[in-house]
Amino acid sequence: MNGLKVNLHITERCNYKCKYCFAHFDGQRDLSLEQWKKIIDNVKLSGMVSAINFAGGEPMLYKNFSNLLSYAKSSGFELSLISNGSLLLNEKIAPDEMFADLSMLGISIDSFDEKILIALGCCDGSHKTLSEEKLIAVVNRAEKINPSIKIKINTVVSRLNVGEKLIGLERKISIDRWKFLKIKPFDNKIFSNKNLLIGNEEFSEFLERNRRNDGDSIPEQTTERSYIIIDNRGNLLDNFGDSYEIVGNLLEESFGAVFGRYNFDSELYQSRYA
Ligand code: SF4
């Protein structure tokens with residue numbers, strides 16, 4: 001299969017502690033810039049991948065993020081980023097060139113109710129959350145630097161925000177895609193989000209309440225085996241069930257060889273990215 005998008009979870013570090021977070025890998029140190037460049041070369045050589053999404057943790061906390069992004073750009077990939085948004089107004093951490101290199105900027109928004117966000121752990125160590133005003137400022141900055149950038153919002157629907165009504169935000173900023181993701185069960189024996197899980201009916205009610213009239217809003221029940229995830233050590237992971245298994249490491253083997261052993265669900269993948 002060609003034209004794939006891979007998700008590089010370049011760091012596990014995050015300034016938030018979201019209780020639903022599934023980005024808990026092995027807690028080991030992040031790879032160096034040179035190692036990530038090798039992985040990008042490996043992926044490029046396969047000829048199977050056209051797009052890279054940078055994720056984490058919070059990718060802005062990866063020390064050499066800007067350099068890595070421009071390397072991936074010069075390698076010819078279409079680039080996107082998913083961030084909690086908290087550091088995107090900081091010009092040292094998020095320089096203008098970074099926005100210029102991105103085709104899509106994704107920001108996670110689960111609520112604008114501070115109490116809900118703090119209860120969810122979607123805040124930094126001083127309980128600072130991403131306010132609606134700050135989100136608008138981030139989007140304005142990104143669009144000023146790169147007028148063709150697309151904006152995506154990801155909302156994870158869990159026990160704590162299932163009663164939310166977020167719709168209306170699209171009248172304040174342009175949102176090209178809005179994904180509503182049903183919380184993914186995660187349990188690696190150290191971390192579990194079981195008490196935040198919701199049922200299909202509750203998810204449907206949430207979607208009904210947050211239905212957009214004027215744009216894409218995409219419900220997502222599962223990403224199992226249709227989200228190509230590479231962890232902060234360069235392992236391609238099989239994200240099946242409520243945990244992960246390592247399929248292979250991209251510093252040791254070619255992307256094609258590792259991907260060939262992955263039980264990829266191409267049908268679900270195509271429906272997710274359609
Ligand atoms: S912002 Fe993202 S990476 Fe950080 S804790 Fe929340 S879900 Fe996890």
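The structure described here is a predicted model. On that assignment, Asn90 is found in the loop that connects strand 3 (78-83) to helix 3 (96-101). Asn90 counts as exposed because 10 C-beta neighbours lie inside 10 Å, and a residue with 12 or fewer falls in that class. Along the chain Asn90 and Val138 are 48 residues apart, while their C-alpha atoms are separated by 9.8 Å.

The packing of two helices was examined next. Helix 1 (residues 33-46) packs with helix 2 (residues 65-74) at an angle of about 20 degrees, and the axes are 10 Å apart. Since angles under 35 degrees count as roughly parallel, helix 1 and helix 2 are therefore roughly parallel to each other. Their crossing is right-handed. The contact is formed by Leu33, Trp36, Lys37 and Ile40 on the side of helix 1, which meet Asn67, Leu68, Tyr71 and Ala72 in helix 2. By class, this contact of helix 1 with helix 2 has 6 nonpolar, 1 polar and 1 charged residues.

Strand 1 (residues 4-9) contains Val6. Val6 is buried because 23 other C-beta atoms lie within 10 Å, where the class requires 20 or more. Not counting residues up to four places away in sequence, Val6 touches Val43, Val49, Ile52, Ile228 and Ile230. Between Val6 and Lys144, which are 138 residues apart along the chain, the C-alpha separation is 27 Å. The loop between strand 1 and helix 1 holds Arg29. In contrast to Val6, which is buried, Arg29 counts as exposed, with 11 C-beta neighbours inside 10 Å. Arg29 and Thr11 are 18 residues apart in sequence, and their C-alpha atoms lie 8.2 Å apart in space.

The surroundings of the ligand were then considered. The residues around the ligand are Cys14, Tyr16, Lys17, Cys18, Cys21, Ala23, Gly56, Gly57, Glu58, Asn84 and Ser108. This shell divides into 5 nonpolar, 4 polar and 2 charged residues. Two of its members, Gly56 and Gly57, are joined by a cis peptide bond with omega of about 15 degrees. Gly57 lies in the loop between strand 2 (49-55) and helix 2.

Most residues other than glycine have a negative phi, and most peptide bonds are trans. His127, although not a glycine, has a positive phi of about 65 degrees. This residue is found in the loop between helix 4 (114-120) and helix 5 (132-145). With 9 C-beta neighbours inside 10 Å, His127 counts as exposed. Arg225 likewise is not a glycine and has a positive phi, of about 55 degrees. The loop between strand 7 (217-220) and strand 8 (228-230) is where Arg225 lies.

Phe191 lies in the loop between strand 6 (177-182) and helix 6 (200-209). Its count of 12 C-beta neighbours inside 10 Å means that Phe191 counts as exposed, the class being defined by 12 or fewer. Leaving aside neighbours within four places in sequence, Phe191 is in contact with His24 and Phe186. Phe191 and Leu237 are 46 residues apart in sequence, with a C-alpha to C-alpha distance of 18 Å.

Key
Residues numbered from 1 in each chain as written. Predicted model: local features only at pLDDT ≥ 70, side-chain atom pairs only at ≥ 80, totals over all residues. Axes fitted to C-alpha atoms, helices over the stretch in contact; angles between N-to-C directions. Helix = DSSP H or I, 4+ residues; strand = E, 2+ residues; numbered from the N terminus. Parallel < 35°, antiparallel > 145°, perpendicular 65-115°, else oblique. Left-handed = near helix turned anticlockwise from the far one by under 90°. Contact = placed C-beta atoms within 7 Å. Nonpolar A, V, L, I, M, F, W, Y, C, P; charged D, E, K, R; others polar. Near = placed C-beta within 6 Å.
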